[in-house]
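Good morning, and thank you for coming.

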Amino acid sequence: MKTMTSRKALWVLLLIVIFWVSFTVFRNPLKIWVQFKLPVPLSRWNLVTTSSCPTVPLNLPVSPKGTELRVREVLEKLDQQIPPRPFTHLNTTTSATHSTATILNPRDTHCVGDKVDVLLEARDHLGHRKEYGGDFLRARMSSPALKAGASGKVTDFNNGTYLVSFTLFWEGPVALSVLLIHPSEGVSALWRARKQGYDRVIFTGRFVNGTSQVHTECALVLNSSVELCQYLDAQDQEAFYCVKPPNVPCAALTHMKSKNKEVSYLSQQERSLFERSNIGVEIMGKSNVISVSKCNKKAVPAKERCKLRKASAVPSGHVWKNTWTPASCSLAPIKMKDCLRGKFIYLMGDSTIRQWMEYFKSSVNTLRSVDLHETGKLQHQLAVDLDENIKIQWKKHGYPFIGSLVYSVKEMEYIARIIDRTGGEKNTVIVISLGQHFRPFPIDLFIRRALNVHKALQRLLLRSPDTMVVLKTENIREMSSDVERLADFHGYTQYLALKDIFQDLNVGVIDAWDMTIAYGTNDVHPPQHVVGSQINIFLNYIC
């Protein structure tokens with residue numbers, strides 16, 4: 001009898017527990033998932049939303065330990081190349097006018113294929129020799145009448161002297177140029193300032209609730225005591241935040257735009273270094289034109305055809321009659337439509353890779369745009385040729401995406417997640433371009449994003465090793481741009497980080513940085529013939 005009573009008591013207790021668990025789960029299932037530290041089963045990163053009322057500034061979420069160690073490693077390498085250079089007066093900074101450039105072993109006529117070295121001695125505005133390096137220089141040679149150009153290689157001896165090397169690719173009069181983009185003191189100031197804040201750009205999010213709309217402030221980091229929406233990529237722990245509108249769910253966020261904020265982490269003295277008249281000043285002077293002839297040299301052996309390859313040395317090639325010629329391989333003439341037949345091309349990134357999409361559509365007249373029911377220039381684009389089985393799509397990368405144009409975030413996701421959803425095979429090609437939209441923020445954000453893309457590509461190439469992957473590096477941009485936010489110096493540090501991060505992967509690199517220096521475009525969106533040269537390399541890689 002006692003045994004029967006005990007059993008009944010156990011059954012009653014068990015029913016009470018089941019009832020309590022069921023009630024709790026249905027009332028607040030998320031709480032149970034979090035309590036047991038299980039992954040929250042939500043289908044899209046931008047719907048992983050949590051609200052909070054922090055009493056201290058909200059920081060970026062911590063990424064997996066291995067990623068953070070690698071972030072610090074890449075950052076330390078960059079720090080070693082950009083030591084602090086405080087200055088007390090503008091006169092003690094590098095002066096292009098007072099610095100000297102001397103062509104070593106000058107001749108009346110140089111020969112195609114030779115190298116010309118220029119020794120540069122940096123001096124300050126008082127004419128005193130600089131005792132340390134770190135100036136941000138840009139070397140280029142050109143023949144405007146021939147529509148020819150190439151970058152030069154700068155070697156910094158870290159003692160105020162530099163060796164600038166030019167490879168002579170063509171005959172005729174060639175102008176040599178070395179621009180002082182920023183003195184080392186300005187470089188040091190930009191590097192310090194970049195690490196200090198996420199608030200140089202203000203994001204405004206639009207929430208839609210029925211027929212009404214609400215706009216609130218959004219950011220990568222929000223210093224706020226009000227309730228926030230967190231849009232979290234659960235796998236890589238990257239997040240974006242918006243102030244939560246009253247009585248509107250976080251999932252109601254539909255659109256975004258941004259504008260610059262009047263904030264600076266530079267001192268007034270440092271800002272004087274970045275007045276337009278102090279940016280990109282010529283050092284070579286007027287006696288910078290040399291004569292180059294063929295010199296009856298032996299014929300150069302034929303180069304192998306360009307294949308999927310990593311970034312090559314500088315210069316990676318040259319421009320001749322507005323057409324790109326690589327230094328280490330040859331480009332074959334390729335019919336674009338034949339090459340694209342049967343392929344699915346994923347273009348992911350910023351508007352510089354969207355230019356590729358526009359180029360493809362204008363060059364292949366059988367490509368038809370598919371209406372994906374979005375609006376604006378930043379909408380997801382898809383073009384198809386059903387007869388030739390060609391599919392090309394462009395998608396913008398995840399936050400941060402800056403610009404005054406309003407864009408939809410309903411379909412916005414991180415590149416790593418798109419890659420993880422891609423099956424991949426020999427006719428799948430992925431092209432990625434990251435950088436321009438990251439320049440206004442601390443560089444660890446860019447490094448972390450690049451590492452997360454790297455990990456996603458590792459997973460893709462493990463399951464589908466025949467998938468072709470191409471990275472397009474950043475273009476140089478306008479020198480008159482907002483220097484603290486968008487300077488090419490920021491782009492160059494990202495360019496170095498990207499090459500470091502992806503050096504171990506079997507991916508092709510289109511060195512748009514070197515190419516746009518050679519073309520001398522100074523335009524974030526270079527003209528069609530430059531985009532066409534980038535795409536010509538791409539077609540040689542994949543066909």
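The largest pocket in this predicted model has a volume of about 920 Å³. On a 1 Å grid over the protein atoms alone, a pocket is an open set of points where a 1.4 Å probe fits, with protein on both sides within 12 Å along at least five of seven lines; lining residues have an atom within 4 Å of a point. The volume is the space filled by probe spheres set on the points, which are joined across faces, edges and corners. Of its 36 lining residues, Gln 81, Phe 136, Val 154, Tyr 492 and Leu 496 are the closest to the centre. The greatest contribution to this lining comes from α11, with 6 residues. Helices (H or I, at least four residues) and strands (E, at least two) are DSSP runs, numbered from the N terminus.

As for the model itself, it is predicted: local features need pLDDT of at least 70, side-chain atom pairs count only at pLDDT 80 or more, and totals for chains, interfaces and linings use all residues. Residues are numbered from 1 along each chain as its sequence is written, and side-chain values use heavy atoms, with hydrogens and water left out.

I turn now to strand β21, residues 381–385. Why is β21 largely enclosed by the rest of the structure? The reason is that 5 of its 5 residues are buried, meaning under 20% relative accessible area with a 1.4 Å probe, protein chains only. Gln 381, Ala 383 and Asp 385 lie on one side, Leu 382 and Val 384 on the other.

β21 pairs in the antiparallel sense with β22, residues 390–396, over 5 bridges; pairing requires at least two bridges found by DSSP. Leu 382 has Gln 393 as its bridge partner in β22.

Note on methods
Buried < 20%, exposed > 50% of the residue type's maximum accessible area, 1.4 Å probe, protein only.
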